[in-house]
Amino acid sequence: MFPPGHAQPQDPDAPIRATDNDAALARLSAVKKNYLQDAFVKDLVPRAHLQPSRPPLINIGTYVRSHAIDLLVGEWLQMAKASGTKVQIVSLGAGSDTRFWRIETGPAKDELAKYIEIDFTEVTTKKAMAIRKSKQMNSALGDPEKVQVAGGGTGLRSPKYHLIPADLRAPPTDSLGPVLTAGESTEGGPLLSPSLPTLIIFECVLAYMSPEASARLLRWFVDYSSTGPEGGGILGCLVYEMFNLHDAFGRVMVSNLQARYVSIPGAEPFTTLESLSKRLTDEGFSAARALTLREIRRAYIEQSELERISKLEFLDETEELDLVLEHYAISWGLYLQNPGSSSSWGHWGLKQQRL
């Protein structure tokens with residue numbers, strides 16, 4: 001059902017793509033208010049200097065989400081260094097994310113073998129153009145002679161970073177498989193190597209897909225990781241999304257999204273944290289865990305960080321903040337082809353800071 005007097009958009013995916021703009025503006029606001037450090041997001045937001053700040057509730061929520069994901073990705077890179085190997089990261093539905101550039105200009109750049117971003121063609125086309133216009137983003141891609149605009153301007157290729165257009169809802173054997181397993185890397189092997197530890201990231205992506213489509217996608221990565229050399233198959237999965245939408249607050253969230261012609265079929269079956277982690281183990285992951293953003297803020301962020309951000313803005317809506325954070329979760333799963341030879345990776349995950 002659509003609101004009275006409003007016609008359904010001709011492009012049914014346009015409202016979904018618009019949610020990326022919301023996320024980019026929220027991140028930009030959190031950066032401006034010093035919740036987060038990100039020198040690159042302004043290059044992906046048109047007229048960034050004119051964008052108004054978001055309310056404290058949104059800034060804090062953005063911080064908790066971003067900080068928790070940063071912790072998980074950072075630990076993945078640290079484990080690579082400790083084990084003497086490089087890793088790959090695949091960000092699916094990446095949108096305006098700047099993580100590659102933050103890693104590539106940071107202390108863990110040498111641990112990163114490859115970073116692949118995949119999204120709608122309209123999104124990757126816009127991002128490719130913004131990257132090429134940004135001096136600082138472009139310089140982080142490496143040797144200019146090895147950076148190529150791909151697919152008629154819909155993607156980019158560089159020694160480490162690859163921007164690829166694809167519809168994640170399509171069967172991965174038809175869409176992602178031919179691209180990721182083709183010999184497009186600078187070393188001549190497949191673009192995504194099954195022999196390197198790989199982290200796949202979904203930030204508010206699976207909710208917009210049917211459960212069947214997301215299950216196929218997760219299973220494809222597990223199956224591909226299992227084709228590596230004995231003991232080499234190591235796959236991590238990190239998912240951020242809304243859940244538990246059957247209570248009164250959740251129904252309001254769904255209604256607000258429907259008013260913008262956004263449907264979230266992928267969130268419907270997941271009403272508990274256990275259901276989020278079970279989704280990963282059902283598709284072949286060896287172990288999985290999930291936490292609400294409320295719990296992460298309460299016990300998994302360093303006390304010094306909580307004290308720092310508490311001084312940035314006054315928040316008089318703590319109950320509402322808790323209610324919002326209770327309806328978003330981060331789940332992570334790990335697949336180990338040979339647990340015995342890669343046991344150190346089994347410790348990957350958020351670490352509790354306080355009781």
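**Loop, helices and sheet**

Tutor: Asparagine 34 lies in the loop between helix H1 (14-32) and H2. Keep in mind that the model is predicted.

Student: Is asparagine 34 buried, partly exposed or exposed?

Tutor: Buried means under 20% relative accessible area and exposed means over 50%. Asparagine 34 has 43% relative accessibility, so it counts as partly exposed.

Student: What is the phi of asparagine 34?

Tutor: Most residues other than glycine have a negative phi. Asparagine 34 is not a glycine, yet its phi is positive, at about 70 degrees.

Student: Arginine 47 lies in the loop between H1 and H2. What is its phi?

Tutor: Arginine 47 is exposed, at 57% relative accessibility. It is not a glycine either, and its phi is positive, at about 50 degrees.

Student: Which residue just after H2 takes a positive phi?

Tutor: H2 covers residues 56-83. Just after H2 there is a positive phi of about 70 degrees, and the residue that takes it is glycine 84.

Student: How far apart are the end C-alpha atoms of H2?

Tutor: Helix H2 has 28 residues, and at 1.5 Å a residue they should span 40 Å. The expected span is 1.5 Å times one less than the number of residues. The model agrees with this, since the end C-alpha atoms of H2 are 40 Å apart.

Student: Tyrosine 63 is found in helix H2. Is tyrosine 63 buried or exposed?

Tutor: Leaving aside neighbours within four places in sequence, tyrosine 63 is in contact with Tyr35, Leu36, Ile301, Glu305, Arg308 and Ile309. Its relative accessible area is 1%. The cut-off for buried is under 20%, so tyrosine 63 is buried.

Student: With which side chain does the side chain of tyrosine 63 make a polar contact?

Tutor: Glu305 is among the residues in contact with tyrosine 63. At 2.5 Å, the polar contact of the tyrosine 63 side chain is with the side chain of glutamate 305.

Student: How far apart in space are tyrosine 63 and asparagine 34?

Tutor: Tyrosine 63 is in H2, while asparagine 34 is in the loop between H1 and H2. They are 29 residues apart in sequence, and their C-alpha to C-alpha distance is 9.8 Å.

Student: What is the order of the strands in the sheet?

Tutor: The sheet is open, has nine strands and shows mixed pairing; its order is E3-E4-E5-E2-E1-E6-E7-E9-E8.
The strands at the edges each pair on one side only, and they are E3 (148-150) and E8 (287-292).

Student: What angle does the direction of H2 make with that of E7?

Tutor: From one strand of the sheet to the next, the twist averages 20 degrees. H2 packs on this sheet and touches E1, E6 (198-203), E7 (234-242) and E9 (328-336). Its direction and that of E7 make an angle of about 175 degrees.

Student: Why is strand E2 described as largely enclosed by the rest of the structure?

Tutor: E2 and E1 (residues 87-92) pair in the parallel sense over six bridges. E2 and E5 (residues 161-165) also pair in the parallel sense, over five bridges. E2 (residues 112-119) is largely enclosed because, of its eight residues, those that are buried number eight.

Student: Which residue of E2 is the bridge partner of valine 90?

Tutor: E1 and E2 form a right-handed β-α-β unit with helix H3 (residues 99-104). In the pairing of the two strands, the E2 partner of valine 90 is isoleucine 116.

Student: Arginine 102 is in helix H3. With which side chain does its side chain make a polar contact?

Tutor: Arginine 102 has a relative accessible area of 18%, so it is buried. Not counting residues up to four places away in sequence, it touches Arg27, Gln37, Asp38, Phe40, Asp70 and Asp97. At 3.4 Å, its side chain makes a polar contact with the side chain of aspartate 70.

Student: Threonine 124 lies in helix H4 (residues 121-133). Which backbone oxygen does its side chain reach?

Tutor: Threonine 124 is buried, at 0% relative accessibility. At 3.1 Å, its side chain reaches the backbone oxygen of threonine 121.

Terms used. Residues numbered from 1 in each chain as written. Predicted model: local features only at pLDDT ≥ 70, side-chain atom pairs only at ≥ 80, totals over all residues. Heavy atoms only, no water. Buried < 20%, exposed > 50% of the residue type's maximum accessible area, 1.4 Å probe, protein only. Helix = DSSP H or I, 4+ residues; strand = E, 2+ residues; numbered from the N terminus. Pairing = 2+ DSSP bridges. Right-handed = clockwise from strand over helix to strand, strands pointing away. Axes fitted to C-alpha atoms, helices over the stretch in contact; angles between N-to-C directions. Contact = heavy atoms within 4.5 Å. Polar contact = N/O pair within 3.5 Å; in protein donor to acceptor, adjacent residues only side chain to side chain.
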